[in-house]
Amino acid sequence: MTTMRAATILNGEIEVREVSVPPPLGPGQVLVRVKSCGICGSDLSMRRDPDRFVRVSREGGNTLSVFDPSLPVVPGHEFAGVIEEVGAGVEGLVLGERVAGLGIVTDQGTGKASIIGYSNAYPGGFAELIVVDATWVRRLPDGMSFDTAALAEPLHVGEMHVQWSGYTAGDRALVIGAGTIGLGVVLALRERGCEDITVVEPSPRRRALASIMGASRVAAPPTEGGPVAALRDSPSRLLAFECSGRAGALDELVRTLPRGSRIQVVASPFSEETFVPVIAQWHQLVINFGSGPLGDPYGTTLARLAAGRVDTDLLVTGHVDLEGVRQAFDDLRDPEEHVKILVHPSGSEEREATPSPTARTTKANR
């Protein structure tokens, strides 16, 4: 087998075509047949403006997502599947193992690491087969479906940022944006016993999901005064999680948050952002873009999913095969229509029927 089917992006156009299979395995790598892969917001950004995506990645020194935008790319990094081949030196993973993980691969010739899906040489999870470094791969807990496992990657981002934020008991949280990442923040805060979580989100559907996931209050964005105006009182300080990625959101928070607050920037736009630093200084704000100690956020999230702490049926709002990827990208522009769409490169009929663990939350009406 020298080629495989995949959904590719080139010049913003999505096309299903035959592409080369991934390069041969190197030591410490595994070949995975993809069963389920989520469409990430970063995939949407990359399709919308691949040149800007790559340029900003280069300017920021993020070599993990640098590729040649004049050549096709197979996106997708929120994967789950079955191991088809194991490279030399891999321990703890065997042929036929059901796995998921972080889609990072190291090229054997250059030593350069990339995120699958943002590489011309290493296709992402909208292809039948992927190669990833085994160190980032986890065996699925017994009974966990591929669809549930594919959610661990986006939800773990919320867990990671809550760890970075330095949350402590008694903090009041303000979460701006309730996409999958924002909902992951709400979940991580809830699991820590946070009793005061306000979520500001324009979509009624996603506000309902935030309530189910653990928010104590949800609100539409106020017309003025910033997200803080959605609170019923005037707090002394807040722990704010900016998860919307909206241009201007950071400046709005800097101007309106109470003195001594902290801002954890979870989602960021690829465009220029302007705020007045002295205002942040006057307000004695701490702004963290992602720094601090971490304690296995992916493993923590996978364990929560295995324990049924999340009703994943609430988050997965669509399933498509490769031919449906183009429409799925368009559909995700409407937050009322979808939250997370999963791609099944081998066809929806190949999805594992294993149900998700029994959830301890109540399903929302769709």
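Predicted model: local features only at pLDDT ≥ 70, side-chain atom pairs only at ≥ 80, totals over all residues.
Residues are numbered from 1 along each chain as its sequence is written, and side-chain values use heavy atoms, leaving out hydrogens and water.

**Stop 1: helix α2**

A salt bridge is a side-chain nitrogen of Lys or Arg within 4 Å of a carboxyl oxygen of Asp or Glu. R55 and E59 are four residues apart in helix α2, so about one helical turn separates them. E59 counts as exposed, at 62% relative accessibility.

Now select residues 50-59 to see the whole of α2. Helices (H or I, at least four residues) and strands (E, at least two) are DSSP runs, numbered from the N terminus. Which residues of α2 are buried? They are P50, F53, V54 and S57. Look down the axis of α2: the buried residues fall within an arc of 90 degrees, so they line one face of the helix. That arc is taken from the directions from the helix axis to the C-beta atoms. An α-helix has 3.6 residues a turn, so residues three or four places apart point the same way.

Next, show α1 (41-48), which the buried residues of α2 pack against. Contact here means heavy atoms within 4.5 Å.

R52 is partly exposed at 24% relative accessible area, and D49 is partly exposed at 32%. Just after α2, click on G61, which takes a positive phi of about 70 degrees.

**Stop 2: a hairpin**

Select residues 3-10 and 13-20. These are strands β1 and β2, which run antiparallel and are joined by eight bridges. Two strands pair if DSSP finds at least two bridges between them. Pick I9, and then its bridge partner in β2, I14. Between the strands of this hairpin are two residues, and N11 takes a positive phi near 55 degrees.

**Stop 3: helix α7**

Select residues 249-256. Among the buried residues of this helix, α7, are L250 and L253. What covers the buried residues of α7 includes β10 (173-176), β13 (239-242) and α8.

**Stop 4: a nonpolar patch**

Select V276, V278 and W282, which make a nonpolar surface patch of about 270 Å². V276 lies in the loop between β14 (262-265) and α8 (277-282), and V276 is partly exposed, with a relative accessible area of 32%.

Select D330 and R333, which form a salt bridge with the closest N and O atoms 3.5 Å apart. D330 counts as partly exposed, at 26% relative accessibility, while R333 is exposed at 65%. Finish with E159, R190, E191, R192, R304 and R309, which salt bridges that share partners join into one network. How many salt bridges does a search of the whole structure find? The search finds 21.

Note on methods:
Buried < 20%, exposed > 50% of the residue type's maximum accessible area, 1.4 Å probe, protein only. Patch = residues over 30% accessible without salt bridge, like charges linked within 9 Å, V, L, I, M, F, W, Y side chains within 5 Å. Areas by Shrake-Rupley, 256 points an atom, 1.4 Å probe, with all protein chains shown as cover.
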